[in-house]
Structures are given as structure tokens and as C-alpha cells.
Amino acid sequence: MQSHFYNTYTELDPFLPNDAAQQLVQLCEEFGSYGLYSEEALNEGIGEGLPQRFDAAFNFVRTGGRFGRSQDDVKTLAARTNYFRETYAYGEEIAAPGIEALYKSEALIDAARKIFGRPVIEPAIVYANLLLPGQELAVHTDVPEFRGMSRKTCPQWLLVAMHHSGLFDEFRMPIATAVSWYQDTEGGEFAFYPDGADAPARAHSVRFNTAVITDTDSVFHGVDRVQEQLSSMPPFRPGMRVHPLGEGQWAVRSGKEEIARYSWSEMRFSISWKAYCFNDEEERKRWRTHKEDLGLEAVLDTLCGDLEKRGRLEKQRPDNRNLAELIVDEYIHFPAAQTT
Ligand SMILES: [Fe+2]
């Protein structure tokens with residue numbers, strides 16, 4: 001594990017008072033339907049023609065997932081990893097009334113302080129993910145943020161590689177992420193690598209009212225396959241939504257057409273919480289006012305200079321796509337598939 005990586009984690013079991021956890025199950029249903037989250041957008045400029053997270057996607061296709069077992073074609077792989085997501089809170093905006101207690105949870109804020117040893121915690125976003133039987137999530141690290149560089153302005157794979165390179169630490173904004181669960185699910189374990197990519201994964205079973213909090217920008221993690229039913233997984237595609245029908249029943253629809261139906265106990269619902277972790281108010285201010293921001297050209301110059309030193313690059317830079325693949329290959333070291 002490189003020194004600039006924070007691998008502390010806390011498992012909370014139970015996470016919330018029982019009533020509060022039950023209310024979140026209700027909130028999930030009352031929120032309405034959930035859209036399919038997939039990152040279709042391709043990069044322009046640096047990395048052009050490649051998907052935003054080609055780092056994790058290519059590794060998934062190459063290795064066949066955490067157990068190296070997937071023989072699926074690319075379409076099925078896409079359907080497996082195209083899950084459903086909606087945002088419950090973002091900044092001051094509350095999209096799911098009732099989420100406030102989790103959003104401002106002292107237990108999470110306290111645990112977040114311990115991860116980086118930074119006392120000023122600012123919860124920034126809460127979103128919900130729904131995975132259905134047969135779905136899984138490729139091993140990855142989350143998209144970090146740097147002063148002046150976020151996913152709004154910069155390709156996601158580049159932000160990830162920047163962090164793994166360790167060359168931009170003074171510009172990074174540490175983010176704590178908590179993931180919590182609200183039903184017992186067969187399969188769908190949260191597999192993470194707190195001891196680094198070369199050590200075995202820890203698989204957290206999805207059990208009602210439990211949570212894990214860690215630095216998911218540094219710690220590799222993924223979701224093992226949610227146990228499949230007898231029938232094969234339908235082809236989940238962008239544009240589909242999963243709708244609550246009441247009494248724990250859910251339907252996936254493409255427009256008005258029903259594609260599949262599930263009950264709560266076979267699904268995997270999780271709530272993700274992310275918070276900025278500042279050393280002090282001064283640092284928070286510097287972040288807000290965009291003083292000493294990084295820029296894309298400076299980042300590419302630093303990376304290319306380092307790649308030259310490592311003997312991976314001549315003075316002449318390759319084209320945008322090849323340079324992107326070289327950066328990902330050199331700096332992002334994924335865990336190997338587990339074959340036993
Ligand atoms: Fe993640």
C-alpha cells in the first residue's frame with residue numbers, strides 16, 4: 001500500500017436505531033422509481049473515444065470479475081454492471097425528505113474524522129443504488145477530487161489515475177464514503193481491499209442495518225454478483241427504470257413495458273454517503289474560493305514528466321487515446337482476480 005493511501009475502515013453493526021433503519025426501507029419505496037445509471041459519455045480530448053471509467057471496465061473485461069469466472073459477452077457484462085441509482089441529497093438540496101438523519105449522522109461524521117484524522121467534516125451527497133439479481137459492480141476506486149479538478153471538468157479515469165500516482169496529494173480533497181444496507185441479500189457482498197490491492201479482499205455480507213465507512217477513492221472495492229434467479233437476467237439498458245409496486249414488490253420497465261419483477265428480499269439496496277474531510281476552516285475556505293487550483297495542462301505535464309522518468313514515454317507524446325491508456329496502465333494497479 002502506498003503511503004499516501006488511507007486504508008482505515010469502520011464497520012457499523014448495527015448502524016442506526018432499528019426504527020430509523022426501517023424508515024429508510026420505507027423511504028426507498030416512497031421515493032419513487034430509480035433510473036439506470038450508466039456512464040455512456042465518452043471522453044473528448046485526452047482519452048478520446050474511451051468511456052469515462054475505462055480503467056475499471058477494461059480490467060473487469062480482462063479479468064472476468066473478482067473471481068475471474070465471467071465468460072459473458074460484452075452486452076451481458078454491461079447489463080450486469082448497469083445498476084439503478086438516484087440522489088437523495090446533494091449539498092443543501094434534499095430530494096428524499098427523511099434522509100436528513102442519515103445525511104447529518106454523528107456516527108458517520110465521527111467515523112469519517114478517524115479515517116483521515118481531519119476534524120472538519122462536511123457531508124456532501126447521499127445517493128441510493130439498487131442492484132438486481134445477476135448484477136454486480138466491477139472492482140474500482142471512486143472518482144476523487146482535487147482543487148480545480150473534478151468530474152465536472154475532467155475525465156473520471158484521469159482523476160482516478162492522478163490519485164493513484166501520488167503526484168497530486170497536496171491538491172486532493174479527502175472524501176470519506178459510507179455504504180449502508182437495509183435488507184439481507186443473498187450474494188452481492190461488498191468486497192473491498194483495505195490492506196491493498198495485493199492482499200485478499202474482505203467481503204462484507206449485505207445484512208439489514210449495517211454500514212462500512214472508508215476512503216473508497218483509495219481502497220479498491222466492488223460488489224459481488226447478487227444471487228441470480230432461475231430465469232436469466234433480462235437485458236438492462238439505459239432508459240429503463242425500476243418502480244415500486246408496494247408491499248415489497250418492484251418492476252423494471254422500459255417505458256410502459258414490464259421487463260421483470262422482483263421482491264425486496266432478492267434485491268440489493270444500498271445508500272452511499274460522502275463527506276469532504278478538511279483539516280480546518282482555512283482549508284475549507286481555500287477549497288471554496290478556488291485558490292491554488294490545478295489545471296489540466298499542468299497535470300498532463302507532470303504525468304508525462306514522470307512517465308519519461310519511468311522510461312514509459314519518449315519526449316514525443318502519443319495521441320490522446322494511447323496516452324490515456326498508458327497513464328491508466330502505469331498508475332492504476334488493480335487487485336488480481338481470485339482464482340481459488
Ligand atoms: Fe465505488
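The chain as a whole averages a pLDDT of 92, with 96% of the residues scoring at least 70.

This is a predicted model, in which local features need pLDDT of at least 70 and side-chain atom pairs count only at pLDDT 80 or more, while totals for chains, interfaces and linings use all residues. Residues are numbered from 1 along each chain as its sequence is written.

Next, select A112, L130, A161 and I213, the residues with the most contacts inside the largest nonpolar core, which has 84 residues. Such a core is a set of buried Ala, Val, Leu, Ile, Met, Phe, Trp, Tyr and Cys residues joined through C-beta atoms within 7 Å; a residue is buried if 20 or more other C-beta atoms lie within 10 Å of its own, exposed if 12 or fewer, and partly exposed in between, with C-beta atoms placed from the backbone. Strand β17 (residues 268-278) gives the most to this core, namely seven residues.

Move to helix α5 (residues 106-116), whose buried residues are L108, A111, A112 and I115. They lie on the same side of α5, because they cover an arc of only 105° around the axis, the arc being that of the directions from the helix axis to the C-beta atoms. On the face turned away from this buried side, look for the exposed residues E106 and D110. Just after α5, G117 takes a positive phi of about 65°.

Now select helix α6 (residues 156-165): ten of its ten residues are buried, so the helix is largely enclosed by the rest of the structure. Among the elements covering its buried residues are α2 (54-63), α8 (296-309) and α9 (320-331). G166 follows α6, and its phi is positive, near 75°.

Finally, show the open sheet of four strands, ordered β6-β13-β10-β11 with antiparallel pairing, where two strands pair if DSSP finds at least two bridges between them. Because β6 (137-140) and β11 (202-204) stand at the edges with a single partner strand each, one side of each is left without a neighbour in the sheet. Three bridges join β10 (residues 190-192) to β11, and A191 stands opposite A203 in β11.

Technical notes
pLDDT is the predictor's confidence in each residue, from 0 to 100. Helices (H or I, at least four residues) and strands (E, at least two) are DSSP runs, numbered from the N terminus. Two residues are in contact if their C-beta atoms, placed from the backbone, lie within 7 Å.
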